[in-house]
Amino acid sequence: MARRTAIIDIGSNSARMVVFERTSRFGFHLLNETRSRVRIGEGAYQKGGELQEEAMERAYQALAQFLSIAKSYKVRKILCVATSAVRDAPNRKVFLKRVEKGLGLRIKVIDGHKEAWLGGIAAVNLLPVHDGITVDIGGGSTDLSLIRNRRVVETFTLKLGTVRLKELFFDKKAPVEEAQAYIDGALAALPESFRSELSIGIGGTIRAIAKTIMERQDHAIEKVHAFRFDIDDEKKFIRKVAHASIMKLGKLGIKKDRLDTIRPGALIFLRVLEKIGAHTVMTSGAGVREGLFLSDLLRNSSYLFPANFNPSVRSLQDRFCTDRKLSTHIASTARTIFLALKDPFGLPDEALKHLEIAAKLSQIGIRLDFFDYNKHSAYFIMNSLDYGFTHEEMVLIATLIRFNKNNLPKNSFTRPYRKLLPEGQTLAWLSYIVSLAQIVHVTRATGKIEATFENEVLTLHVPFETSLAQERIKKLQKPDSIAVQFV
């Protein structure tokens with residue numbers, strides 16, 4: 001696979017291009033994202049689906065600029081797909097040929113089932129989910145994938161989209177009840193198998209709603225990917241959005257670029273959630289573009305990352321780890337110490353995974369600057385640990401890294417995240433373990449460490465010289481009055 005790949009997605013409302021760079025076999029990160037509100041479906045739904053000349057020209061010019069950006073990144077592979085508006089258009093060949101002849105870009109028109117499948121592939125690989133239903137609300141269609149045990153087992157597509165309903169009902173100022181009846185009529189065809197307590201929301205409409213809910217809840221993290229909310233808590237607000245006038249949407253917190261399509265999108269979202277029986281929504285920042293990239297990257301791996309693999313962790317290691325062998329030993333030592341202290345201090349088993357990741361990535365900030373590297377490392381985690389973690393897990397890992405020198409986590413830092421972090425004593429012990437594991441390897445020496453805890457003494461069996469480590473430990477703040485000895 002090419003080191004840098006550009007993915008272009010031409011939707012009914014927007015065209016977007018992302019550029020991914022591979023850092024290793026499965027590690028990758030985002031280099032660029034460019035969006036153009038081309039509205040290629042504008043006017044089409046009132047005219048038999050025909051793409052209008054002005055809309056096609058906007059899309060053509062946007063694609064030309066996308067290709068210029070891709071060239072500047074020395075992209076070696078470009079994958080381009082078009083969805084609902086183009087596939088429904090009787091004159092789509094006019095647009096496809098114009099782009100291929102003028103720009104040398106071949107566009108693959110995908111059907112709704114493929115669109116749903118790509119969204120599902122993105123969800124199972126980039127979100128902490130095992131079962132659920134993805135709901136991808138676009139400009140012309142709403143596409144769903146049923147996920148069971150991290151596998152996409154069924155897909156379904158509906159001719160329900162924000163631009164489609166806007167032109168058919170909202171632009172004509174038809175009663176909301178008419179649009180709702182239209183939605184319900186389409187949903188009647190949804191198979192009974194599409195039932196799940198968890199809905200995974202994909203697309204601009206759901207992200208816009210989620211961002212507003214995050215602001216209303218004063219959520220501590222400004223990251224929509226993996227944000228969760230209970231439907232019962234927010235159903236009334238989403239209904240307000242669906243029924244509000246455009247003038248009132250701003251007061252509800254809806255951003256300007258979503259004012260004309262958010263109402264039909266919110267109405268579709270509400271009806272779909274009710275139909276599938278969902279109680280919780282997890283918002284996805286990934287969708288068709290990421291799914292297309294992953295379908296290429298993972299085509300020989302059953303479209304799934306290997307067990308216990310995380311692409312964000314690997315990418316951070318690939319790009320910023322100064323010594324992979326050392327980081328592995330620090331993580332191993334942290335695990336050993338955790339197992340020795342787990343039962344005496346009641347540490348939860350599920351914390352071990354996050355402890356090991358924190359220890360493994362504890363020194364990545366050195367690449368930026370050695371001084372205060374723990375703060376740099378935590379910043380990287382908060383902003384780049386994008387995939388496969390809940391917000392609670394991401395904040396925990398960042399906090400353990402932020403305080404991995406001499407001090408335990410401070411209330412001044414943890415207070416904004418109190419709803420996301422474990423109770424204070426557990427957090428203190430986990431932080432202490434990461435710091436202690438780093439100190440053990442302060443000379444960068446490596447080797448298998450063994451640990452035992454008895455009579456309030458943690459004994460570390462270390463196969464190398466530890467005089468410098470013993471000196472450093474004296475400055476290390478402890479959660480409790482235990483002693484540490486080396487043998």
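Analyst: Happy to! The largest cavity has a volume of about 390 Å³. Keep in mind that this is a predicted model.

User: Which residues are the closest to the centre of the largest cavity?

Analyst: Those are D9, I137, G138, G203 and G204, out of 28 residues that line the largest cavity.

User: Which elements each supply at least two residues of that lining?

Analyst: Three of them are β6 (132–137), α7 (204–216) and α11 (288–297). The largest share comes from α7, with three residues.

User: And how does the lining of the largest cavity divide into nonpolar, polar and charged?

Analyst: There are 16 polar residues, eight charged and four nonpolar.

User: How many cavities of 30 Å³ or more does the structure hold?

Analyst: Three. The second largest cavity holds about 60 Å³ of space.

User: What lines the second largest cavity?

Analyst: One stretch of names is C321, T322, D323, L326, S327 and I330, and the lining also includes K360, L361, S362, Q363 and I364. Helix α13 (residues 324–345) gives the most, three residues. By type, the lining of the second largest cavity has five nonpolar residues, four polar and two charged.

User: Changing topic: how many residues are in the largest nonpolar core, and which have the most contacts inside it?

Analyst: The largest nonpolar core has 62 residues, and L355, I381, L458 and L460 have the most contacts inside it. Helix α18 (residues 424–440) provides the largest share of this core, eleven residues.

User: What does L355 touch?

Analyst: Leaving out residues up to four places away in sequence, L355 touches A334, F338, L400, L430, I433 and V434. There is also a second, separate core of 46 residues, with I209, M214, I254 and A266 among them.

User: Nice. Now the strands: in what order do the five strands of the open sheet come?

Analyst: The order is β3-β2-β1-β4-β5, and the pairing is mixed. At the edges are β3 (28–36) and β5 (108–109), each pairing on one side only.

User: How many bridges do β2 and β3 pair over, and is the sense parallel or antiparallel?

Analyst: Strand β2 (residues 15–22) pairs with β3 over eight bridges, in the antiparallel sense. As background, strands of a sheet pair through backbone hydrogen bonds.

User: Which residue in β3 does F20 stand opposite?

Analyst: That would be L30: F20 stands opposite L30 in β3.

Technical notes. Residues are numbered from 1 along each chain as its sequence is written. This is a predicted model: local features need pLDDT of at least 70, side-chain atom pairs count only at pLDDT 80 or more; totals for chains, interfaces and linings use all residues. Side-chain values use heavy atoms; hydrogens and water are left out. Two strands pair if DSSP finds at least two bridges between them. Helices (H or I, at least four residues) and strands (E, at least two) are DSSP runs, numbered from the N terminus. On a 1 Å grid over the protein atoms alone, a cavity is a set of points where a 1.4 Å probe fits but cannot get out, and a pocket is an open set with protein on both sides within 12 Å along at least five of seven lines; lining residues have an atom within 4 Å of a point. Grid points are joined across faces, edges and corners, and a volume is the space filled by probe spheres set on the points. Ala, Val, Leu, Ile, Met, Phe, Trp, Tyr, Cys and Pro count as nonpolar, Asp, Glu, Lys and Arg as charged, and the others, Gly among them, as polar. A nonpolar core is a set of buried Ala, Val, Leu, Ile, Met, Phe, Trp, Tyr and Cys residues joined through side-chain atoms within 4.5 Å. Buried means under 20% relative accessible area, exposed over 50%, partly exposed in between (1.4 Å probe, protein chains only). Contact means heavy atoms within 4.5 Å.
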